[in-house]
Amino acid sequence: VKPDVVLGEYKGVEVPKTDTSVTDEEVEKELEADQKKNAREVTLEDDQEAAKDDVLTLDYAGTVDGVAFDGGTAKDQTLKLGSNTFIPGFEDQLIGVKTGETRVVKVTFPEDYHAEDLKGKDAEFTCTVKKIVRTELDELNDEYAQDHSEFDTLDEYKADLRKQITERKEKEAKQARKDNGVSKAASNATIEIPEAMLDTRADEMVQNFARRLQAQGMSLEQYMKYTGADVNQMRAQVKPQAEIQIRNELVLEKIAETEKIEVTDEDVNKEIENMAKAYNMKVEDISKLIDDEQKESIRKELAVQKAADLIADNAVEVEKKEEEAAPAEEKKEEE
């Protein structure tokens, strides 16, 4: 049995203002990301020298005091120069190497190295380079825009990127306004949520988590073994979020009822079309799988969404105080 909901203020609630302006730096960053996405990998000729960020394929054999050690030998090892994945100093000594060249690299293992018998020891690695691959970026100019976009000039392409970033920010700001508005409206309402309802939702959340784990090849039992948690602890952890979810849903349902929000057959059919696209199915095929009870569930969900839109549309944006964390940001962290 759903508890009674006494609504508080839900029209004109204050929400943090979100900055949707786009800087030149953001446009340049987006353009650089696109440039890297369209980069080419080129295998260097035998007479070309390796430089920082090149990827080497090499064989190496390491010795300490002339004696080979475990893990010191490898075949066809890939190494990006400048990645700092090998012992300090190792990669620097391969700058300038050429394909086919054999070079002796001298290094000292760090004092905190994981292998006890190698800590602080001097070592030599005989390295033979088999291949050098360099990532080349196209120059950012009008020709780049013509090759990688629908525009003739780089300025036109930048303008389109700015438009895309603006649209993305505005979409995120709208969602933040909705999340914060719903949170405020829910906190203004008076509801006594039964413990049984909280327990049921917490169980559902744990079960959903178990299904996500299973999709990744891990059982809930394995997860609990690794983390040392048990089901009761997991329920207790998700209960605060369960309460937020239930409170928000009940308030939105009450607002939809109070405002007499209508959901038309056209709205329902449009949602079914969206579902068909999401599942890559034909509308008529997915329609056959949806009975009247499920359609009514869709109708109720759409009414709740419209109630959230009503709150967002009537919300008053105020400058966000630095010390205040917006509920939308808290929600993102929790998810």
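This report describes the overall form of a predicted protein model and then one of its helices, α9.

## Basis of the model

Local features need pLDDT of at least 70 in this predicted model, and side-chain atom pairs count only at pLDDT 80 or more, while totals for chains, interfaces and linings use all residues. Residues are numbered from 1 along each chain as its sequence is written, and side-chain values use heavy atoms, with hydrogens and water left out.

## Overall form

The protein has 10 helices and nine strands (DSSP runs numbered from the N terminus: H or I of at least four residues for helices, E of at least two for strands). Its radius of gyration is 30 Å, well over the 20 Å that the globule rule gives for 335 residues, so the protein is more spread out than a compact globule. The radius is taken over C-alpha atoms, and the rule is 2.2 Å times the number of residues to the power 0.38. Along the principal axes, the C-alpha atoms fill a box of roughly 80 × 60 × 50 Å.

Of the 335 residues, 31% are buried (under 20% relative accessible area, with a 1.4 Å probe and protein chains only).

## Helix α9

Helix α9 covers residues 292-314, which is 23 residues. From first C-alpha to last it reaches 33 Å, close to the 33 Å expected at 1.5 Å a residue (1.5 Å times one less than the number of residues).

Buried residues of α9 include Ile-298, Leu-302, Val-304 and Ile-311. The buried residues of this helix pack against α3 (154-188), α6 (231-258) and α7 (265-278) (contact means heavy atoms within 4.5 Å).

Methods. Buried means under 20% relative accessible area, exposed over 50%, partly exposed in between (1.4 Å probe, protein chains only).
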